[in-house]
Structure formats: C-alpha cells, structure tokens
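Subject: Handing over a structure

Hi,

Here is the structure I promised to pass on to you. Please open it first, and then read my notes below.

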Amino acid sequence: MNIAGLVGRTLAQLGAAHAFGVVGSGNFHLTNALRENGVPFTAARHEGGAATMADAYSRMSGLVSILTTHQGCGLTNAATGIGEAAKSRTPMIVLTADAAGSAVRSNFRIDQDGLARSLGAVPERVHSAQSAVADTVRAFRTAQNERRTVVLSVPLDVQAQPVPAGTPRRVPPVAPTGFVRPNASLVRGLADVLSTAKRPVFVAGRGARYAAEELKALAAQSGALLATSAVANGLFEGEEFNLGISGGFSTPETAALIRDADALIGWGCTLNMWTMRHGSLINPDAVVVQVDLDDSALGANREIHLGVIGDCAATAADVLAELQASQAEPPAKYRTPETAARIDAGARWQNVPVEDLSTSERIDPRVLTLELDALLPAERLVSVDSGNFMGYPATHLSVPDEFGFCFTQAFQSIGLGLGTAIGAALARPDRLPVLGTGDGGFLMAISELETAVRLGLPLVVIVYNDAAYGAEVHHFGAANDAAGTDMETVTFPDTDIAAIARGYGADGITVRTPSDLAAVTGWLEGPRTVPLVIDAKIASDGGAWWLAEAFKGH
C-alpha cells in the first residue's frame with residue numbers, strides 16, 4: 001500500500017461519512033482508497049458543486065464529509081464552496097492533491113495553504129510517509145471537534161511513497177469533544193436576567209440546532225418567546241410561541257414582538273446584521289446576552305451585556321435548574337393569550353394576506369409558493385439558492401424541523417442551490433428534497449442537474465424565473481429609475497428552462513398560472529425517479545422586502 005491508500009483508509013476508519021468530488025489524476029488514488037474502504041462517493045460535474053454537496057451533507061447529517069479535488073485548478077474550482085463551508089463552520093475535509101515538492105515549475109502549483117487560509121479554512125497537509133497517519137488524524141480531529149473546514153493537501157510525491165513498516169492497520173476513533181459546561185456564576189447571571197425580564201425573546205442560531213428541547217423547556221419556564229436565525233429555521237416548529245425567523249425574513253408582527261423584547265438572548269447565534277436587521281430589531285433598553293462555544297463570537301457583531309461560553313443545551317439545562325429552584329410556578333411574562341393571538345395571526349407569512357400580482361403570463365411568486373406548500377408532502381427538505389427570489393421558499397414553504405431546511409448563504413453566492421439540494425438529499429433520503437432557485441443561479445450550476453438525474457433523486461426544483469439577476473434589477477433600477485439606468489447587463493431573453501431540464505433527462509414543466517401546477521400532482525403520484533424542474537415565470541414584486549436589508553451590508 002502507498003500513502004494515498006493509507007490516507008484514504010485512515011479517513012474511512014475515523015468516520016468520514018460521504019465523499020464528493022471530481023476525479024483527476026492527482027486525486028484518483030486518494031478517491032479510490034476512500035471507496036475501497038467503504039466511504040460512499042458521489043461524482044459531481046464541477047468541483048464547485050461537489051464542495052457545496054459536501055457542505056450540505058454535513059449540515060444535514062452532523063457528520064464529517066469529504067471533498068476530494070485535483071491539485072491546483074481542481075482546488076480553485078471549489079474555492080467558493082469551500083469559502084461557504086468555512087464561514088459556516090461546517091465540519092468538512094477537503095482532501096486535495098498537491099504538486100510534488102520538487103515540481104517548482106508545475107502548471108498546477110499554487111500556494112494551497114495560503115488559499116485555504118484566505119477562505120477561512122484550516123490548512124493541513126500530509127508531510128511525509130512517516131507522519132501520514134498523525135497528519136490525517138489531526139485534520140479529522142480539527143474538522144470534527146472544532147467544527148472547521150480543513151484543507152488537507154497530499155503532495156503527489158508523498159502519495160506515491162510506500163507505507164512504512166510497522167504502521168498500525170487501524171487507528172482509534174477520534175472521540176468527540178464533550179459538552180462545555182458554562183461557569184456557574186454566569187449561569188446565575190443569565191437566570192437573573194430571565195427572572196427580571198418581562199418580555200424575553202430567545203433567538204437560536206446554527207450553534208443551537210441540537211438544543212431544541214432544552215431551549216423550549218427554558219423558554220416555557222422563563223416566559224420567553226422563541227425565534228431562530230435563518231439557518232436554524234424550523235427548530236421550534238409547532239411551538240405556540242414560535243415567532244419563526246428573526247431578521248430580514250420576519251413578518252411585521254414577528255419584527256414588532258422581537259423589537260419590544262426587554263431581554264434578547266442569542267443561543268449559538270452571533271446576532272449579526274441579517275438576524276437583527278442591522279440592530280433595528282434590538283430595543284435600545286434591552287439586555288442582550290449571547291451563549292456560544294466560541295469566545296470570539298461573543299460581542300462580535302454588537303455590544304452585549306453578558307457573554308456565556310458554553311454548550312447551548314448544557315447552558316439552557318443549567319439555567320432551567322436555577323430558575324426552577326427559585327420559582328414556584330413558571331411566570332407567563334411574554335406568553336400571554338394576547339401574544340399567542342398575535343403570533344397565530346401574523347407571525348407566519350402563510351397567514352399574511354397577499355395582493356396577487358399575477359398576470360395571464362406571469363405568476364405572483366408568493367401565490368406560486370403557497371400553492372406548492374399545499375401540494376408538496378410535509379416531510380420535505382427545503383434548500384435555497386441566493387438571489388432576489390430567496391425569501392419566497394424561505395418564508396412560504398413550511399418545514400418540519402431544523403433538518404428540513406438547508407441555507408448555504410454565508411458567502412452570499414448565487415449558484416450553490418443545486419449542490420446544496422443534492423448533498424442535503426443524500427444526507428436525508430427519508431424526505432422529499434425541494435430547491436428554490438433563481439434562473440441565474442440555476443443556469444450557473446446547471447451541470448449538476450445531470451448529477452441529480454444520474455442519482456435518480458426525486459428532487460423538486462422551483463426556478464423563480466424573471467429572466468434577470470433580479471436583485472440588481474430591483475436595487476439599481478429602483479435607485480436610479482429617474483435616470484433611465486441601462487439594465488442590459490443584468491437582463492436576458494426568456495429561457496425555456498423546462499426544455500433544457502428535459503434535455504438533461506429530468507421532467508420539466510412551465511408554470512404561468514396556478515392551473516399549470518396540476519402537472520406537479522401528476523409527478524408526485526408517479527415513481528419520482530427523476531427530478532422535476534418547475535420553470536415558473538414569475539411576476540415582478542418590485543424588489544423583495546429583504547433586499548433592502550441585504551444591500552445595506554454591501
């Protein structure tokens with residue numbers, strides 16, 4: 001066995017869950033070593049798609065995934081997806097070849113470690129045959145226990161070396177890091193905040209996705225309302241006092257209830273500009289608290305009054321015990337019948353009346369999404385690309401829980417949707433995968449439609465087709481309408497996306513009116529052996545409400 005085989009075997013033994021990639025000469029042996037040792041492999045059509053598939057797989061499974069790339073250009077092709085994963089603290093290993101140390105004139109030579117660092121990933125490498133196992137274990141431990149995206153470079157000359165005599169045939173598993181218990185005095189401090197607050201609100205983020213039950217129990221004990229950041233959408237689904245998503249996707253009623261809070265506690269959530277609408281959702285008199293495992297996250301985006309380092313579930317459980325010891329009965333506080341009525345009437349976009357903008361040729365995207373919400377099975381996994389359209393699937397498609405929503409938006413790149421949906425679908429084959437994407441992002445990544453067809457995924461792709469990069473049209477058009485701004489750079493002739501989808505082997509339909517959605521029912525009743533692409537010709541909304549928030553951060 002050579003070192004390429006040893007690295008693949010070691011990663012498999014450590015628990016690598018699934019590998020994605022495009023195989024070239026540099027990563028051919030590495031990829032086959034993974035496969036030979038039981039790691040499933042999905043071949044993508046572009047490294048960028050493969051990176052996002054791996055990212056989404058880890059988000060939805062909680063396991064370490066592998067992206068495998070050729071040296072140099074293979075790695076740079078994946079850079080955007082790696083950047084998204086790194087910014088999202090996705091536990092993922094980028095297993096990439098590298099030019100041999102002596103190949104100083106190689107066409108493939110780049111500073112791979114420098115590239116990884118620039119993307120926010122952790123650079124690691126297999127330095128020698130003698131250190132190969134230790135190097136690989138170190139990379140895996142960092143990915144799993146620190147929840148980091150790690151770029152593990154394996155130079156070609158090292159790959160080819162024989163495994164040293166005496167190398168163990170098995171490596172012990174990497175033990176996951178245990179709960180980080182919060183400091184007892186900080187627990188008492190947070191309990192005091194909740195005891196004195198009259199209108200507390202919890203906002204849970206990515207770091208709280210495994211703490212739903214603990215947070216629900218603490219909220220009930222402290223009289224708090226529940227909300228999430230966009231990436232944690234679905235965490236409190238079914239709860240009476242669930243406000244839904246906090247931030248740009250909030251309904252007016254949700255925004256008002258959060259803005260009136262006198263105590264705002266972020267759980268695994270940095271309370272960034274998206275989640276807090278650049279701070280406008282924070283009452284100037286509110287006490288702001290953050291609970292996070294990462295010390296650098298505390299106060300990173302805004303001033304806080306109390307920062308607690310600790311696991312969200314463990315912290316919530318400790319604070320609950322503190323409150324129960326001092327309270328005879330849980331106080332109602334913000335959990336009044338009046339608040340419940342407000343939430344029931346206006347905290348879900350599905351309940352907010354729609355002024356239908358449809359024409360005979362184009363359907364209102366809200367009407368479209370609400371119709372699909374009623375048609376599609378409840379057990380679904382919604383993935384969302386980026387663009388002007390993205391609020392519709394994020395707000396008007398319900399999800400069963402936090403593992404029913406995959407939102408790769410940390411880098412704000414369009415074109416990640418198809419990869420996201422494929423990776424998420426492979427992680428959760430028990431649910432119907434649904435993708436919301438714009439025509440620009442879909443066409444940018446359309447090569448991965450072949451991957452979905454090849455895999456036989458029952459994927460529903462909703463293409464919100466306005467024949468434009470809609471965000472730019474609405475932003476610059478609205479800002480400069482009187483000047484007659486030239487929009488030809490961001491508008492395009494209408495594209496028959498349904499026909500293109502059929503050319504890839506998928507089913508494709510065109511939707512201009514609600515009656516056209518009858519074909520969706522037919523597909524749902526069929527074998528669902530190929531994706532369904534819905535080319536929805538949407539009416540203009542005049543610029544989605546969340547765009548105003550998005551462009552404030554540019």
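**What I found**

Arg147 is partly exposed, with a relative accessible area of 35%; here buried means under 20% relative accessible area, exposed over 50%, and partly exposed in between (1.4 Å probe, protein chains only). Before going on, please note that this is a predicted model, in which local features need pLDDT of at least 70, side-chain atom pairs count only at pLDDT 80 or more, and totals for chains, interfaces and linings use all residues. Residues are numbered from 1 along each chain as its sequence is written, and side-chain values use heavy atoms, with hydrogens and water left out.

Back to Arg147: this residue sits in the loop between α7 (132-145) and β6 (149-155). Helices (H or I, at least four residues) and strands (E, at least two) are DSSP runs, numbered from the N terminus. Although Arg147 is not a glycine, its phi is positive, about 50°. Leu271 also has a positive phi, near 55°, and is a residue other than glycine. Its place is the loop between β10 (263-267) and β11 (287-292). Leu271 is buried, with a relative accessible area of 0%.

**The whole protein**

How many helices and strands does the protein have? There are 22 helices and 18 strands. The C-alpha trace spans about 70 × 65 × 50 Å along its principal axes. For 554 residues, a compact globule would have a radius of gyration near 24 Å, and the protein agrees with this at 24 Å. That radius is taken over C-alpha atoms, and the globule rule is 2.2 Å times the number of residues to the power 0.38.

Of the 554 residues, 57% count as buried. If you look at contacts (heavy atoms within 4.5 Å) between residues at least 6 apart in sequence, 76% of them join residues at least 24 apart.

**A loop and its partners**

Where is Lys333? This lysine lies in the loop between α12 and α13, and Glu329 is placed in the loop between α12 (312-326) and α13 (337-346). Glu329 is exposed, with a relative accessible area of 62%, while Lys333 is partly exposed at 22%.

For Lys333 and Pro200, 133 residues apart along the chain, the C-alpha separation is 7.9 Å. Leaving aside neighbours within four places in sequence, Lys333 is in contact with residues including Leu194, Lys198, Pro200, Ser222 and Gly223.

**Cysteines and a helix**

How many disulfides does the structure hold? The number is 0, where a disulfide is a pair of cysteine sulfur atoms within 2.5 Å. Cys269 is in no disulfide, and the nearest cysteine sulfur, that of Cys312, is 9.4 Å away. Cys269 is buried, with a relative accessible area of 5%, and Cys312 counts as buried at 5% relative accessibility.

Finally, have a look at helix α2 (residues 28-36), where Leu30, Thr31, Asn32, Ala33 and Leu34 are buried. Gly38 follows α2 and has a positive phi, near 95°.
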